Structures are given as structure tokens and as C-alpha cells.
Amino acid sequence: MAMKIGDKPFKERVSDGINDAFMRGAVASAQGRFRSGRLNAAEELGNWEEWRKLGEEIRSHTIENLDYYLELLSENVIKRGGHVFFAKTAEEANEYITKVVKEKNGKKVVKSKSMVTEEINMNEALERAGCEVIESDLGEWILQVDDHDPPSHIVTPALHKNKEQIRDVFKEKLGYDKTEKPEELALFAREKLREEFLQADIGITGCNFAIAESGTISLVTNEGNARMVTTIPKTQITVMGMERIVPTWEEMEVLVSLLTRAAVGQKLTSYITALTGPRQEGEADGPEEFHLVIVDNGRSNILGTAFQSILHCIRCAACINVCPVYRHVGGHSYGSIYPGPVGAVLTPLLGGYDEYKELPYASTLCAACTEACPVKIPLHEHLLRHRQEIVEKEGKAPVFENLSMKAFSLGTASPAMYNIGSKLAPTALGFFSADDKISKGPGPLKNWTDIRDFPAPKKNRFRDLYKKRQKGGEE
Amino acid sequence: MKVSLFVTCLIDIFQTDVGMDTVELLERLGCEVEFPEKQTCCGQPAYNSGYVDKAKDSMKHMIRVFEQADYVVTPSGSCATMLKEYPHILKDETEWEARAQALANKTYELTQFIVEVLGIEDVGAKLKGTATYHTSCHMTRLLGVKEAPLKLLSHVEGLEMKPLPHNYNCCGFGGTFSVKMTPISEQMVDEKVQSVEEAGADILIGADCGCLMNIGGRIDRKGKPIKVMHIASVLNSR
Ligand code: SF4
């Protein structure tokens, strides 16, 4: 699966989303849970705003000095006997990973959750090379079993499915014969996955934070599957986006605190796995061979631009969990594995405006995302910035809108023009109004009046009434 | 105290009563209200659609219009937020940035002005009914005005205030979003109307005409027996 999901145009995707009652029920109830969890966890920590500020400082310092820290990380991984590969593109990354797997004669790969491997479409590349790839994160595994249904959320990828649907998927694909009780479903999955772990020869993980000072990879999970992926197979490959890095353990601690609280409202997740290179002499476990693949795939083009702070993202999904648009359309509507506000900012940067120009407009700019982001990324401002790029730099705005905005600036930068325009409004719209409201409007008003009434402009504007009143006062 | 009213284009053209209520209310509270006639629009429709250069023209015009004012007061959380954004948007034009900052510093949303500057929480208003208050997004999240309207409303005689469930969710207005992304906007406004019904209120009060036109327009279309009022009109009820 690459970053892009589905082939339908944006409008159709949205309408599919809106009409999917199951998905919407699942999303709304999850959003409610995540929201109160996050607020409680933040309150419990105390000084949440101070923590956010600290998080922002850490991220912005790290990204400002990204080349330095990447070099440090790479040196330290190599010192511990690991291999490091910098991949400029998705293809380069996949080529390298496939090469390693082939060299090891790998047949079965188990994976822990990783967005970047989805972004570069790694599974398909490995499958083409004759390898079986098994997802071990429960959510990802459910989707994989369900004929590669795309993820709709970056932390809980199967959020769009409720437990009855999951039961049915297991039943149909794997002969499951128990109920939709989460414990039973999880137990079934665990048994199936254990078998896979024992047979796997290669483990592939993503990376939440790579710690530059020690060359350590850290993974934050609730299922412990990352621990299995990094201990059982003899060879481990970790794939990380180039921005997923912190200077030292101290910053890692701060960011993990922010991540788990913002993501699911937990003080800590059940497992935080840290791995520093391959197994050393005298160590009891760990892979014999360790490869770190650091993926650029368009990220360095964002460095140095006004969008740089989107690289501060720690993929907690807090912005997605509060987004009222996501709530109604669901993750698949975004057409990208990165949905919600973070996706609406990031996807067009990685995938281009031709494919994704609607996303920055799929927001009311209500700023719920900006308020929730634990590292203070001004998401709604980035959405505005995209709109500006689309209109002013790319010239991709609809002709009608362009004209009306010209009229707008004429009418609002000059009081004389405003006066004429606003005076004419009642006459221009007079045809369409019954009593004091318009229920079938012309032009762009039509979309408005398709679903709601619009007030008819008043014969006397406020300024006319005010003038009259002032005159009356003088008399 | 001399106050310059920025009435906003929506109120100037569509909600003239709200403008008159604002003037009367401020006068009753002892302010001398002036209305600079050359004012137009804060520029938000263009700015939020990505037409930043075009927005800058109207922004500069507004800066000139209110240059002499002591206080600029506006009955709209969203437009007040926009005026406060001016220095940020004009940060690359040194001369304008300073002038924009001066405007931002003296700009207040109506309820914020009454509570923070005038220091009044009871404006002596009377209105019978059960009401709930819509916390508009820009006003609460970006302008940071959360308590002022609720304080003022709690003193309105005869008015029972009910909490609005899920008040943090946007109503789905979003300026051009409402006409560009109508199907999504519809879902959002429907959810909001449903919350208002759940609140058990017969009056919905808000401090932003955009949101009120959106929610009110949907309420009217669905024929719900809920009255929509701008907070200026509530506070000017006697
Ligand atoms: S943008 Fe902020 S809130 Fe959204 S996923 Fe990234 S870190 Fe979390």
C-alpha cells in the first residue's frame, strides 16, 4: 500500500464516508473516548501547556539540526555493529530492504506497526520478491486479513471497523467461530500471530524515536508485538522517516510522555521497547544483524520551507481524534494513509497538489487540531498556507472563485466600492427572497441554500440605520 | 469612554438589528460610540480562501480607518481574531506590521470589552427563556475569550442557561467551507442542531454571526422551534 489509497475522486470518497453509518458510529465513539482520555491524562500530568512548549522546543531544535543528529545516530548505530542506509526515495528504500531479505534467504517477515513502510509500499515490494509479510500489530493484522483494507487512522488503523465487523472478517477469512467479545478476538489473533513469530526469519519495525546519542531505536506499543519482532527473528530491519529522531534519552522521555498521553490518554503504554544495535556478546537476546533504513522520500524538500514544522509531528493522532471533519467523513476520505489534519497538511507536501488539492479545503479552520497537538504544530495555519500556495503560486483556483475574490478586494479595500456593492445586495438577491429569507439562492449561494436558509439582505444596511439615528439625535 | 464600532460586513448587510443592539448596549454602559463609515470587511473571506494578497488590501484599508480609534469593539469573535492576526500576516512589511500591531492591541470582541475593559458583568438585561450558548471556534481557541460571554449571560434576569453538549465541536460554517464542502458542512451543522435540542433550550445564543447564520439557517430549514439570537441582542433585551 502506498501513501495513496483508493482511486475514487475526493467527492465520491467523502460521500462514501458520510454514508457509512457503521464507520461513523465507530469513529464518533472512539473520538469521545480519546478526547476525554487525553484531557484527563494532561490534567494529571499538570502544566500541560509547559510540557507542550517543551515538546515544541525539542522538536524544533532537533529538526533545525537534523543533519547533525542523523549523522550522530548513524555513527552510533555503526559503532554497535549495525548497518545504516539513507534512502532518498521509496524505491531506494525498498531495493535495499529487499536486498537484505534476499541475502538472508528470508521467506517470512513479521512486522510491527509502521506508517513509513506503508508510505513506501514496502510490503508489496517484498511480496513481489517472493516473501510473505505478516503484520503483527492487531489493527494492521485485521486489515491485512481483510484483503488489505487500507488504514483509516495512524494510531488505530482499523478504527473504522467495529467489533462485529472484525468478528465477521475473522470468521470469513480464518474460520473463527467465537463471539465479538474483544478478549476472544484478541486471544484468537494472539494464537495465530504466535505461530507466525516463531517461523519468521526477518523482523521489520518502524520507529517512534531514534535516540542519536546512543544509536537506539525506541518503539511505543500496547501489544508487545514490537518486542517479539525484535527478539525472535535473526535479522532486524528498522525503517524510519528521517525526522523520527531525538538527541538524547532525556528528550525521548519528554516526547514519549507527550505521545502516549496525547494519543490514547495513557501515562505510559504497556510496552516501550528500546533496541541498541544487534545482540552484543554476553547479551541474552536481540537480533544477530541489525539494519537501520532512514527514509527521506520528500521530507528534505519540506525542510527550510514555511511548512517545516510539520516535520515536528510525533504521529500521536490527537489532531485526528478531535477533528470534526474526520469525525464525519472518516480516514479513507482523505485518500492517503495520513488522514485528518496532519494528513491534510502532510499528504499534499509528499504527494503533490495535483492529486491532493482538495485536502487543505476540507477544514473549517476551527483550530481544534492546533489546540490538541502536543508539540504545538500550527496545523490550521499550515492548511491556510496550502490554500495560499494553491491560489497564488500554483494558480490552481477555480475561475469563478478568482473573479469573486477580485470583486471582494475591490469592494473591501475601497469604501466607495463597498458602499455600492452592499447597497445593491438586496436588489441583486431580491428575486430570490421570500419574506426575510432565501431558500433557493443563485451561484455559490445555491450550495448554501441546498441545506439551509439564508437571510435576505436588509433594505437598509446597518450604516443607513445608524446615519438616520444620528440625524434623529441631532434634530 | 470612546469606542469605535467595527460592525462587520455580515451585520452591516444582513443582521442590522445586531448592530443597533450593540450600539445601544454600549451607550447604555456609558460608552460614546462612533461608527467610522469607511469601514468595510476584515478580509477574512479572502484570507481564509488563500487570497492573501487580496486580503492584505482590505486589511490595510481597515488599519487606516481605525488608526485614530482608542478602542475598536466588534460583535464578532471571528472578526476580532482576524484583526488580531493582522500583525502576523503583515510581518514582512515593517511599517504595516507596527500599524497592525497598534490596531490589534486596541481591538476587543464585544463581551470581552464589557467584562475586561469596562469591568461589568451585569448589564441589567432581562429576557425570559431557556437558552444555551454556542462557543464559536475562533473566539474560544484563537482569541481565547471563553468566560466573558457566560459571565454576562449568567446575570441576565429571567434567562436560564443550559450547557451545550459537545460545545467544542465546530458548527461546520468555516466561511467558504460551508459552500465548498457542503455535504460535510451539513453533517456538522446537523450534529450541532441535535446538540442544541439535547440541551433542551429554546434559544440558541452566539457571538458570531457566521456561525449563527449557519446554525440558524439549518434550524429554519428544518422548522425547529428554536430561536437564534446574537449575544448583543440578548444583552440589550430589557
Ligand atoms: S500533527 Fe500534532 S497532533 Fe497531529 S499527529 Fe502530529 S503530533 Fe499529533
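**A walk through the cavities**

Start with the largest cavity, which has a volume of about 120 Å³. This is a predicted model, where local features need pLDDT of at least 70, side-chain atom pairs count only at pLDDT 80 or more, and totals for chains, interfaces and linings use all residues. Residues are numbered from 1 along each chain as its sequence is written, chains are lettered from A and ligands numbered from 1 in the order in which they are written, and side-chain values use heavy atoms, leaving out hydrogens and water.

A cavity here is a set of points on a 1 Å grid over the protein atoms alone where a 1.4 Å probe fits but cannot get out, and lining residues have an atom within 4 Å of a point. The volume is the space filled by probe spheres set on those points, joined across faces, edges and corners.

Now select A:C323, A:P341, A:S363, A:C369 and A:L383: of the 17 lining residues, these are the closest to the centre. Next, colour α16(A), which gives the most to this lining, with three residues. (Helices are DSSP runs of H or I, at least four residues, numbered from the N terminus.) The lining has 13 nonpolar, four polar and no charged residues; Ala, Val, Leu, Ile, Met, Phe, Trp, Tyr, Cys and Pro count as nonpolar, Asp, Glu, Lys and Arg as charged, and the others, Gly among them, as polar.

Where does the ligand sit? Hop to the second largest cavity: the ligand sits there, meaning more than half of its atoms lie within 2 Å of the grid points. Show A:C313, A:C316, A:A317, A:C319 and A:C373, the closest of the 13 residues that surround the ligand (a heavy atom within 4 Å). That shell divides into twelve nonpolar, no polar and one charged.

Definitions and conventions: 1 Å grid on protein atoms, 1.4 Å probe; cavity = no way out; pocket = protein on both sides within 12 Å on 5 of 7 lines; lining within 4 Å. Helix = DSSP H or I, 4+ residues; strand = E, 2+ residues; numbered from the N terminus.
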